[in-house]
Amino acid sequence: MGKRNLFLMSSSAMHGFGYLEHAQTDMTSFFKNNSVQKVLFIPYALTDYDGYTERVGSVLKRWGFSCNGIHTFPDPVKAVENAEAIYIGGGNTFLLLRTLYEKQLVGPIRDRVLNHGVPYVGSSAGTNVATRSIQTTNDMPIVHTPTFDALALVPFNINPHYTEPDANVKHMGETRQERIKQFHELNDAPVLGLREGTTLFVDGDNATLIGPPTEMPGICYDARLFRKNQEPVEYAPLSSLSFLLKE
């Protein structure tokens, strides 16, 4: 049984930082601490696989890591089985999950991460599919999925890009908190709302919330935890959320 190593970002882009720059220090340490030199990137949440892989790969290469898109391998399952690290990027969560099932990758990814300790990086949609289900994504269902069940690398749900309504905006639509409450009317799983710039780092049985090394003024980097029939609770960066892994 391998040790679970997860780096689950709310987003690849953060106001005030270049692409992935807000996570550079922590992601670089994550790869180096796990002796990773080559990253297998899964771009299935978007349709331009080459362009997406180039965008991510150009950043990782500047940081000293090679990056290859899974679509360039003749056998994607073999690519996962041989991967040093797996990185699933953001985009549309429904498209991503459907493609993972179509290519029969859900089982192999889960096996590599949970049973062999292969490091996993997720961003936005890639973070959504790392959880129990994609039922708390913000994305539009642009394609049908065979199921909402995801990789279940953690036993709870995450809502990336979590935000509160702007008091200066007159829009009266449902808030993110209200939508999560609707989820809890029919589901029991905790939901961790990850605000922009935050990452959930899972090391074995330990889970820690981390934020960017340089915080932008006026931006909240806390995460908000929602439970059924309970008031939400805020957790600041460096807080331990290990209890969520045991529930």
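**Exercise 1.** Which residue in E5 does Leu-8 stand opposite?

*Solution.* Start with the source: this is a predicted model, where local features need pLDDT of at least 70, side-chain atom pairs count only at pLDDT 80 or more, and totals for chains, interfaces and linings use all residues. Residues are numbered from 1 along each chain as its sequence is written, and side-chain values use heavy atoms, leaving out hydrogens and water. Now find Leu-8: opposite it stands Gly-122 in E5. Next, look at the strands: E1 (residues 5-9) and E5 (residues 120-123) run parallel and are joined by 4 bridges. Strands here are DSSP runs of E, at least two residues long, and helices are runs of H or I, at least four, numbered from the N terminus. Two strands pair if DSSP finds at least two bridges between them.

**Exercise 2.** Describe the chain as a whole.

*Solution.* Count the elements: the chain has 7 helices and 11 strands. Then compare its radius of gyration (over C-alpha atoms), 17 Å, with the 18 Å from the globule rule (2.2 Å times the number of residues to the power 0.38). These are close, so the chain is as compact as a globular protein of 247 residues. Finally, 51% of the 247 residues count as buried, meaning under 20% relative accessible area with a 1.4 Å probe, protein chains only.

Note on methods:
Buried means under 20% relative accessible area, exposed over 50%, partly exposed in between (1.4 Å probe, protein chains only).
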